[in-house]
Amino acid sequence: MSLILSIKPLFAVLASALAVPGIISSGKSQNFRESWTFAGAIIKFLIIASMVPAIISGKELYYSIAEILPGIYFAFKVDSFGIFFALVAGFLWIITSAYSIGYMRTLKEHSQTRYFAFFALSLFATIGAAFAANLLTLYIFYEILSLSTYPLVAHHQDEKSKISSRKYLGYLLFGSVGLALPAMIWIQMKTGTLDFSTNGILTGDFSKAEIIILLLMLVFGFAKAGIMPLHSWLPAAMVAPTPVSALLHAVAVVKVGVFCVVKVITGVFGVKLLAHLDIGIIIAWIASFTIITSSLIALTQDELKRRLAFSTIGQLSYIVLGIALLSPYGIKGGVLHIAMHAFGKITLFFCAGAIFVKTGKKYISQIKGIGRQMPFTMGAFFIGSLSVIGLPPCGGFLSKWSLLLGTIQSGQTAFLIVLLVSSILNAAYFLPIVYNAFFYKEKSDFKDEIDEAPMFCVVPLVITAVISVFLFFYPGVFNTLADMFVNSIYGGS
Amino acid sequence: MIHQLPGLIVIVPLLASLAAAASGWVNRKYPFIIAFLALSFTAYASISMLIYTAGGNVLTYHMSGWAPPVGISYKIDALNALVLTAIQIIALINLPVSNSYVKYGFEKKEAPFYGLYLLFITGLTGITATEDAFNLYVLLEVSSLTGYALIGMGNTRSPFAALNYLIIGTIGASLYLLGVGYIYIKTGTLNMTEMSLMLPLLKDSSTIIMAFCLCVAGILTKAALFPMHGWLPGAYSNGPNASMGIIAPLTTKVMIYVLIRLGISIFGVELFIESFSLSNFMVNFCAIAIIAATLKALYHTKLKKILSYIIIMEVGYMAGGFFLGNSDGTTGAIIHIINDAAMTFCLFIAAGAITSKFLEEDIRNIRGIFEKMPFTSLAFAGGALAVIGIPPTCGFFSKWYLIKGGFGAGQYLFAGALIFSSFINAVIFFRIFEKSFFSDKNHHKTPENLQAQNINTNKQISEAPLSVVVPLVSSLGLIIFLGLMTGKIVENYIIHLI
């Protein structure tokens, strides 16, 4: 693994931050303002994409900005996992930007300048986290992300969104300041470093009990991962405009949380150490509990976005479970699931938003028969559901398959059952929506001819749905990167 | 030249203060110009000494060539070079802010104001630069007396607050003087270095124990550690905007500097922390002080009162960090002197701009700050995040060291108090953001409403004058810059002290 010095990571991170002054200063002309967002998003994605060949050829890119604490640098290091996540988030930002235009303008939302500015800032933090070279840099971007999404959650500025945004920030800050920060300080005190290393950095400095405590502090501390009981900020955050729920609370923010957990398990503790001490199973059980419980709660939710939120909580724990199995297939499945779930779930959120834009309906019980009026939207919803449930021909099948192999590979078949039960529950809370949309016999409020949401809403959701299917046949670069990540942990075997 | 700077950095503002006060009779613009030139010089001097002391160099200057113990000597090492730079930079960038308030609030009083301003800075500079324990007392009184006058120029309640401050401040200073007197009786010297050589031999003397207690009690009173803080909230929330930009961020921080100086240069860390076995008691005391001050800040609704209690809380951070007695705690305390100066400066200037624009102190009655004053809001938010301790602002890094020091010393109550205060600070500031930053307008999505709103927001921006906004935004830059420079500061300066 050769390390090359490159300023590209810095530019990739900064591209969206640099768009912020442009967005703010051109608030008067909507089209001009949104062109800043697109410029930032496209440039960002191109820079990220341009790093892929180097990563695939086995190199890692490194760039250091400052020595913020003695021996700890504020630095970026792009590895296979980081670029994997950055590709997903960077690409979906472009799509979401188009969707945002359709959604925000149709609903004539207020403070759109603020919305787009903080959206760009959130992506700055997301990619910064993806490329972080050590735990402290990761933590810094994690915190920036919490704060830059706060105004998006509080967007409506009414009583409900105020309460939700308090909850949002309360949970996330409690986790990061109350749990992750002390854990980080503890690790740095004992080991003198916070750099990620493929074998972990804790070797020999801690007793088993201490490692368990540290692991729990860090896994729960990065509360964006939504592991129960620190999950209820996510359903609360659904008061935000739907594009925010779609990109940030199904992809960027929550996956930064999972990303942190993966980084902590693989880069700080080290898979081998956890396997040796047999600790992974604790996290695996917590994740399993979250998967089943959140799926059951999702069944009871009538508000579409809340059902999706609880589904997200469960799916995030798939990823955590995959990593905690500490087996090559499990890790690969977890990593792949970041991308597969992202495309599937963002499609579902886009659909929820499109339905709201067109009909103003938020509840599942109100949208029976909507398939006749909005066939494209509901068709995409069906594909998204399949992907999240994990059925072919959608990308979600690949990651779930890999996760299932992981449970067998690690010899813990109990989790195989967890995954299968959860899949049934997923089907139970998604498919009736689709069925009722198309085959509801009684009279509904919806028209019989096609009357879809605006183009800017429908085209993005069709694109993400198509990609979900496409990824089943050609997982290509994602598959390669996930394999590389697994190889980097298990030494190429 | 560099060897003369420890003397000049005090003498130049001292003479300039007299010149500024006198020049007001000639032209009312001169005092500002004189103050600006003098502070530019001291800023230059402090930065060149900061560069010189990097890596552990020390500058010593004997006043009028008299060597100690007869004469007064000034000694600049890594510790006071850092604090001096903080003082001078803040004094300089605050000058335009003060100018814009003095022009409208105190017409015809410019000359005495700038005279006092410079004298106050002279006092703080001298306290920081001197190596003579008695000279330190003299300059402490110089800065305190000018401070009382500067605070007394505020609103109708400020003379009373200043009187309160004067009484408690004088008690604090007297305690310190008494302590120094005892040390002088025992050692026969007032020079800190000479004291530090003799005091370890006298550690069993009850006189020295008494002297120690008196000095620490006096300094902590002047630093406003809870519960000796009674003078601070009134003085800082009623004092005039023109002078709060230097008094609020600097006074308590310089007192903490004196505390650290007492510890590492007079009594020596070993004596200070271990022999008197105070560490455990004082750290817990500071932890309680932090919690109490934080809750007090939560309770208040007037913007400057909140900030005053936050300053008291920060004093608890720094004092507690130092009393931990390990290198991480001391590092945290020293970095926090600089970081806290930057962030309280930012917050107080922003609060001054907000309250003077809205003519309202109570955050419950302020609405729409962000729409009216975007830059001020931005800076206020930055300062707030630094107080909460969100990276990459500087507040995070000092907190990092303080918590690490707490863990290292096994003082979990202190570490817990720091984390607790972070949470409460988040509540305090996000309450302000939520209530006061945005307007209460109902956001119905009708086109008419939207249009009316656009027109309103376009017309609404009415920022503080440029002379306030530029220093504010630069202080925000400073907060982030200091954060990113933490590694360099620790490696080049603080490591050589401990």
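Begin with chain A selected: among its contacts between residues at least 6 apart in sequence, 81% join residues at least 24 apart. The model on display is predicted.

Keep chain A in view and colour by secondary structure; the chain comes to 18 helices and three strands. Along the principal axes, the C-alpha trace of chain A spans about 70 × 55 × 45 Å. A compact globule of 493 residues would have a radius of gyration near 23 Å, and the 21 Å of chain A therefore agrees with that expectation. Of these 493 residues, 63% count as buried.

Next, select the two domains of chain A separately. Domain 1 covers 1-173 + 237-265, and domain 2 covers 279-493. Their centres, taken over C-alpha atoms, are separated by 22 Å. The contact draws 31 residues from domain 1 of chain A and 37 residues from domain 2 of chain A.

The largest share, 14 residues, comes from α3(A). By class, this side has 25 nonpolar, five polar and one charged residues.

Finally, display chain B together with chain A. Their contact takes 27 residues from chain B and 25 residues from chain A. On the side of chain B that touches chain A, the elements giving two or more residues are α16 (394-408), α17 (412-437), α18 (447-460) and α20 (486-492) of chain B. Colouring that side of chain B by residue class shows 16 nonpolar, six polar and five charged residues.

Conventions: Residues numbered from 1 in each chain as written. Chains lettered and ligands numbered in written order. Predicted model: local features only at pLDDT ≥ 70, side-chain atom pairs only at ≥ 80, totals over all residues. Contact = placed C-beta atoms within 7 Å. Helix = DSSP H or I, 4+ residues; strand = E, 2+ residues; numbered from the N terminus. Nonpolar A, V, L, I, M, F, W, Y, C, P; charged D, E, K, R; others polar. Domains from an automatic or database assignment. Rg over C-alpha atoms; globule rule 2.2 N^0.38 Å. Buried ≥ 20, exposed ≤ 12 C-beta atoms within 10 Å, placed from the backbone.
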